[in-house]
Amino acid sequence: MYNTTKTPVWYGELRTARGNAIVIHDKQFPEAKAGRIYLYNAVRDTIIEYAEEIVSGNLHDLDKAKIKAAEDAYGAAWDSARSEFMEKHQGWVDANATKHKPLITKAKAKSKKRDEVDAASSDNEPGSESLDREFANDWSGGLEE
């Protein structure tokens, strides 16, 4: 099965009843739909979306010599197909490649909260003008005559 934890690009072989094909998986590909995976198929010279459950048992690692041979044989075609594929999915690439910056930094947010708390607590201190106003508003007109 393809394993991109060691290398960002995985070279392997897809073995099927129709024949074998060299396939390449790139970690930078956009995520496919749930349960699906994108693989470059060297025989078809295109990136195809496969059902992961179906192909996972048929994917086999290549040894170092076969990887080198695959890079030499399919390197240019792979680069071309990858570039074209990534252009088509540029929105996904941009959304996942950029780091979003928060509008308010944590330091500013914390200091703003402290200022609000300080302002609120000073308004409600005994003898403060705002507390006296609030008390007067609650009791004025509330008595029955």
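Student: How many bridges pair β3 with strand β4?
Tutor: There are 6 bridges, and β3 and β4 (residues 46–51) pair in the antiparallel sense. Strands here are DSSP runs of E, at least two residues, and helices are runs of H or I, at least four, numbered from the N terminus. Two strands pair if DSSP finds at least two bridges between them.
Tutor: Before we go on, this is a predicted model: local features need pLDDT of at least 70, side-chain atom pairs count only at pLDDT 80 or more, and totals for chains, interfaces and linings use all residues. Residues are numbered from 1 along each chain as its sequence is written, and side-chain values use heavy atoms, leaving out hydrogens and water.
Student: Ok. Which residue in β4 is the bridge partner of Tyr40?
Tutor: Ile47. In the hairpin of β3 and β4, 4 residues lie between the strands, and Asp45 takes a positive phi near 50°.
Student: And what about β2 and β3, how many bridges there?
Tutor: They pair over 2 bridges, again in the antiparallel sense. Val23 has Asn41 in β3 as its bridge partner.
Student: Is β3 largely enclosed or open?
Tutor: Largely enclosed by the rest of the structure, because 5 of its 6 residues are buried. Buried means under 20% relative accessible area, exposed over 50%, and partly exposed in between (1.4 Å probe, protein chains only).
Student: New topic: what does Tyr11 contact?
Tutor: Leaving aside neighbours within four places in sequence, its contacts (heavy atoms within 4.5 Å) include Val23, Leu62 and Trp78.
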